[in-house]
Amino acid sequence: ERRFDFLRRSVEIAQLLHADAVSFWSGTPSEPASDDELWTRLVDGCLRLCDEAARRNVKLAFEPEPGMFVATMAKFAQLHARVDHPHFGLTLDVGHLHCQGELPIAEHIHRWTDRLWNMHIEDMRRGVHDHLMFGEGEMDFPPIFQALREVGYEGGVYVELSRHSHDAVNTAARALAFLQKISEPEA
């Protein structure tokens, strides 16, 4: 209930700020429970939150997160089918896809176009959940930006480098320079 209240208040604030979406994830079980019980709790909570979001005309963008109950796109597809609400969509973290070997990333962008409401981007290596500065990982970004252009994505693409916050100004400048260069379509 405490987490639900936090997310409900986040939806209220998102409405006031005219935010694109509220992004959230499943978390991990705090006590032993069966998968059926965890699915029931998660789906019920998401549906309750969807009702709050609908009242406030706010989109919910669920993020599959490595190490959490819903860690993969396959599990997100299961969750999405169970929630099936017009205010329930996806935060796609392209680094998570790369880390977990859910490739090619462009296929996920195409598949979830109608529910893709938020994007997180950073560099990453296969098998290691560590958000890296662009150029420090193994990711191939041109196909990602090509897929975003192909589907006409107009939502936010947010750099997620929280471990770099101590050098935020320089990190932001480096990230912007990289993204401006890499997001331009090739001539």
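A residue is called exposed when its relative accessible area is over 50%, buried when that value is under 20%, and partly exposed in between. Arg 55, with a relative accessible area of 59%, is therefore exposed. Keep these cut-offs in mind as we walk through this structure, which is a predicted model.

## Salt bridges

Let us stay with Arg 55 for a moment. Its side chain meets that of Glu 52 in a salt bridge, with 2.7 Å from N to O. An α-helix has 3.6 residues a turn, so residues three or four places apart point the same way.

Helix H2, which covers residues 35-56, holds another pair of this kind: Glu 37 and Arg 41 are four residues apart, again about one helical turn. Their side chains form a salt bridge at 3.6 Å, N to O. Glu 37 is partly exposed at 39% relative accessibility, and Arg 41 is partly exposed at 40%.

Which parts of the chain does the salt bridge between Asp 130 and Arg 163 link? The closest N and O atoms of Asp 130 and Arg 163 are 2.8 Å apart. The pair connects distant parts of the chain, with Asp 130 in strand S6 (residues 128-132) and Arg 163 in the loop between S7 and H7, 33 residues apart. Asp 130 is partly exposed at 28% relative accessibility, while Arg 163 is exposed at 54%.

| Salt bridge | N to O distance |
|---|---|
| Glu 37 and Arg 41 | 3.6 Å |
| Glu 52 and Arg 55 | 2.7 Å |
| Asp 130 and Arg 163 | 2.8 Å |

The structure holds ten salt bridges. Some of them join up: Asp 5, Arg 8, Arg 9, Glu 12 and Arg 56 are linked in a network of salt bridges.

## Aromatic rings

Now for the rings, which form nine aromatic pairs in this structure. In one of these pairs, Phe 76 and Trp 112, the ring centres are 4.9 Å apart and the planes stand at 70 degrees, so the pair is edge-to-face. Phe 76 belongs to helix H3 (residues 73-83) and Trp 112 to the loop between H5 and S4, so the chain positions being linked are 36 residues apart. Phe 76 is buried at 0% relative accessible area, and Trp 112 is buried at 8%.

Phe 134 and Phe 178 show another arrangement: their ring centres lie 4.7 Å apart and their planes are at 5 degrees, so this pair is stacked. Phe 134 sits in the loop between S6 and H6 and Phe 178 in helix H7, so the pair ties together parts that are 44 residues apart in sequence. Phe 134 is buried, with a relative accessible area of 7%, whereas Phe 178 is partly exposed at 24%.

Ring pairs also build a cluster, made of Phe 24, Phe 62, Phe 76, Phe 88 and Trp 112.

Rings can have charged neighbours too. The charged end of Lys 75 sits over the ring of Phe 69, 3.8 Å from its centre. Arg 82 lies over the face of Trp 39, at 4.2 Å from the ring centre.

Where on helix H6 do the buried residues lie? H6 covers residues 142-151, and Ile 144, Phe 145, Ala 147 and Leu 148 are buried there. Seen down the helix axis, the buried residues of H6 fall within an arc of 155 degrees, so they line one face of the helix. They pack against helices H4 (94-99), H5 (105-111) and H7 (168-183), and against strands S4 (116-121) and S7 (157-159). Just after H6, Gly 152 takes a positive phi of about 75 degrees.

Strand S4 deserves a look of its own. Six of its six residues are buried, so S4 is largely enclosed by the rest of the structure. S4 runs parallel to strand S3 (residues 88-93), and four bridges join the two. Within this pairing, Leu 92 has Met 119 in S4 as its bridge partner. S4 also pairs with S7 in the parallel sense, over three bridges, and His 120 stands opposite Tyr 158 in S7.

Conventions:
Residues are numbered from 1 along each chain as its sequence is written. This is a predicted model: local features need pLDDT of at least 70, side-chain atom pairs count only at pLDDT 80 or more; totals for chains, interfaces and linings use all residues. Side-chain values use heavy atoms; hydrogens and water are left out. Buried means under 20% relative accessible area, exposed over 50%, partly exposed in between (1.4 Å probe, protein chains only). The arc is that of the directions from the helix axis to the C-beta atoms. Contact means heavy atoms within 4.5 Å. A salt bridge is a side-chain nitrogen of Lys or Arg within 4 Å of a carboxyl oxygen of Asp or Glu. Rings of Phe, Tyr and Trp (its six-membered ring) pair if their centres lie within 6.5 Å; planes under 30 degrees apart count as stacked, over 60 as edge-to-face and the rest as tilted. A charge sits over a ring if NZ of Lys or CZ of Arg is within 6 Å of the ring centre and within 35 degrees of the ring normal. Two strands pair if DSSP finds at least two bridges between them.
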